Amino acid sequence: MTDDRDRIIPGYAMHRVLGRGNTSAVHLAIDPEGRKVALKIPHLETLRVQDAAERFANEVRLTLKFKHPRLVRGWAGTPHGQHAFLSLEYYPQGSLSDHLEQQLVRRLELQRALRILADVASALAYLHKQGAVHQDVKTHNVYLDDQGRAALGDMGSTYFVAQGGKVSGSPYYMAPEIYHGETSSSASDVYSLGILMYELLSGDRPFNGNSYEELMVAHLTRFPVSLSHLNPGVARSVSKMAELALAKRPSDRPTAEAIRREILLSLGEQTDEERGEDDARKPPAEPVKNVGRHGHSTQRTAPRPADTTPPPKTDKDDEKRGWNPFRRRK
Ligand SMILES: Nc1ncnc2c1ncn2[C@@H]1O[C@H](COP(=O)(O)OP(=O)(O)OP(=O)(O)O)[C@@H](O)[C@H]1O
């Protein structure tokens, strides 16, 4: 197999590197139809390690399968082999995490933050309706367009509940039940959305720590200050939703759809504004067979009953290099 730098994908003209993640390099490219696309090419190392290769293949399959205006759209892809790639809708503004890093103040302007949060909630509501769990909601996986709209990306860890999948997450966003070693669910996505709500509307994440263990203790035992106290501009109804989203028990959390509706109401918008678009882009009829998806540091297959095994350290980057929450804001 050739070196990472020499790899080309037939039919695509590569322009420049947009970014590099742990799994892949993403290039700005022109596809065979003349569109500007974000072309994701897995590192050779990714293809060599079975778990990582399967995670990439899962991302390719599910990105191409799901279609929703608030999900990063997949144009084409090859899940396996030397020419594995995923061609994605190009977001010139990059990720929300890039955007926050460029800002002096981490708190976004209220309307802007609410719009982004409503979009992420919309993407999750769609996925949950399809019976899927995303498992990796975080600023790094939210992309922004020129109109201030957002789309959720990175389906690498996504799985269909009916088929089960490996539990994973990013420690800053991970729900208590995942720390407890239990299965993930739509409610754990809602918890991650709650963290994102605090992050964007207050300018800080509700739970912090200098180690994985400190973060785990924070998620398991602490309760955040009310969001409307931290940012008086936030409507009480939205603040309440964020607090409920961070409930320690999954069954106490609202749905992503309920959160979306509350945010849209506070924006003064109709709550069914995307129904037309949703209908236009048909959801998948069936769950994907043999998904074989794998999370960052997958420890077991869900769904399974709760057990007492220690919580997984679920970020492969942290596993490889040792935990350092300040190395990257993922
Ligand atoms: N659709 C897109 N439009 C514009 N830029 C993108 C797009 N997708 C990815 N990028 C850029 O490429 C970078 C790497 O992408 P990404 O984080 O998805 O790679 P990865 O290797 O899958 O990530 P991970 O580290 O989670 O495995 C992003 O941080 C972003 O800057």
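This is a predicted model: local features need pLDDT of at least 70, side-chain atom pairs count only at pLDDT 80 or more; totals for chains, interfaces and linings use all residues.

Student: How are H4 and H6 oriented to each other?

Tutor: Helix H4 (residues 110-129) and helix H6 (residues 186-202) pack at an angle of about 175°, with axes 10 Å apart. H4 and H6 are therefore roughly antiparallel, a label for angles over 145 degrees. Axes are lines fitted to C-alpha atoms over the stretch in contact, and angles run from 0 to 180 degrees between N-to-C directions. Helices are DSSP runs of H or I with at least four residues, and strands are E runs of at least two, numbered from the N terminus.

Student: Which residues meet between H4 and H6?

Tutor: Among them are Ile116, Leu117 and His128 in H4, and Asp189, Leu193 and Met197 in H6; contact means C-beta atoms, placed from the backbone, within 7 Å.

Student: Now the ligand: how many residues surround it?

Tutor: The ligand is surrounded by 19 residues, and the closest are Gly19, Gly21, Thr23, Val26 and Ala38. A residue counts as near if its C-beta atom, placed from the backbone, lies within 6 Å.

Student: Which strand gives the most to that shell?

Tutor: Strand S1 does, with three residues. Strands S1 (13-20), S2 (24-30) and S5 (85-89) each supply at least two.

Definitions and conventions: Residues are numbered from 1 along each chain as its sequence is written. Angles under 35 degrees count as roughly parallel, over 145 as roughly antiparallel, 65 to 115 as roughly perpendicular and the rest as oblique. Two residues are in contact if their C-beta atoms, placed from the backbone, lie within 7 Å.
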